[in-house]
Amino acid sequence: MKLAKRLVLTTTAVAAVTAGALLSAPVGLAAEPKPAHDGVDTPAALKVPDGNRLTRVLLAEGVQTYTCTDGAWKLLEPAATLWAKNDHSRRTVALHSRGPVWVSTVDGSAVNAAAVANSPKEGTIPELLLQSTATRGTGVFANVSYIQRLNTRGGVAPAAACTGADQVSVPYSATYAFYKPAK
């Protein structure tokens with residue numbers, strides 16, 4: 001039953017976000033931003049190691065879902081839809097979920113990753129540098145080595161204490177930059 005409830009909550013939240021539930025006003029970057037390729041600003045702490053090249057920038061909107069654990073909110077999973085940075089129609093090209101994992105809706109390729117660095121931002125979830133732990137398929141996410149979560153907005157767990165097995169989904173948006181090894 002818990003899985004069914006989580007799926008309903010996640011599906012509902014993603015549908016609401018996709019329908020335009022989030023505002024799209026930009027938020028300033030923490031730390032000293034360093035211009036990166038394709039107009040994405042990157043804090044120095046999240047620099048991708050030399051030998052990797054930017055291959056794709058996707059915008060995302062979704063939710064960070066938290067569950068009550070011992071009276072405090074703990075991240076359960078993200079759920080977001082991603083689209084190409086310059087696609088004004090916002091056609092979904094990938095889904096982001098627990099793992100964390102990103103799966104292409106175009107070709108089925110996928111990348112799992114783990115955070116290796118973060119850059120805190122006031123009032124929003126931190127920006128992250130993630131390193132790939134596995135990839136699947138031959139499509140857009142094949143051989144991805146690093147992912148940056150940038151320009152984050154929202155997604156922060158509630159400050160109030162919680163009880164029982166409560167869950168809450170908090171809207172967020174971000175820019176994801178995907179890197180592959182330079183050839």
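**Exercise 1. Describe where Leu46 lies and decide whether Leu46 is buried or exposed.**

Leu46 lies in the loop between β2 (41–43) and β3, where strands (E, at least two residues) and helices (H or I, at least four) are DSSP runs numbered from the N terminus. The model is predicted, so local features need pLDDT of at least 70 and side-chain atom pairs count only at pLDDT 80 or more, while totals for chains, interfaces and linings use all residues. Residues are numbered from 1 along each chain as its sequence is written, and side-chain values use heavy atoms, with hydrogens and water left out.

The next step is accessibility: Leu46 counts as buried because its relative accessibility is 0%, and buried means under 20% relative accessible area, exposed over 50%, and partly exposed in between, with a 1.4 Å probe and protein chains only. Finally, look at the surroundings: leaving out residues up to four places away in sequence, Leu46 touches residues including Ala117, Glu127, Leu129 and Leu150, where a contact means heavy atoms within 4.5 Å.

**Exercise 2. Work out which residues form a disulfide and where they sit in the chain.**

Begin with the rule, under which a disulfide is a pair of cysteine sulfur atoms within 2.5 Å; by this rule the count comes to 1 disulfide. The partners are Cys68 and Cys162, whose sulfur atoms are 2.2 Å apart. The pair links distant parts of the chain, since Cys68 belongs to strand β3 (residues 52–69) and Cys162 to the loop between β9 and β10 (167–181), 94 residues apart. The link of Cys68 and Cys162 is right-handed, with 90° about the S-S bond. As for accessibility, Cys68 counts as buried because its value is 9%, and Cys162 counts as buried because its value is 8%.

**Exercise 3. Trace how strand β5 pairs with β4 and with β6.**

Two strands pair if DSSP finds at least two bridges between them. Strand β4 (residues 72–84) runs antiparallel to β5 and is joined to β5 by 3 bridges, and in this pairing Leu82 has Ala94 of β5 as its bridge partner. On to β6 (residues 101–104), which pairs with β5 in the antiparallel sense over 4 bridges, with His96 standing opposite Trp102 of β6. The hairpin of β5 and β6 has 3 residues between the strands, and there Gly99 takes a positive phi near 155°. To finish, compare the faces of β5 (residues 94–97): Ala94 and His96 make up the covered face, whereas Leu95 and Ser97 make up the uncovered one.

**Exercise 4. Find which side chain joins that of Ser145 in a polar contact, and describe the setting of Ser145.**

Ser145 lies in the loop between β8 (124–136) and β9 (146–154), and Ser145 counts as buried because its relative accessibility is 11%. A polar contact of 2.6 Å joins its side chain to that of Asn52; such a contact is a pair of N or O atoms within 3.5 Å, and within protein one must be able to donate a hydrogen and the other to accept it, while residues adjacent in sequence count only if both atoms are side-chain atoms. Apart from neighbours within four places in sequence, Ser145 is in contact with residues that include Asn52, Leu130 and Tyr179.
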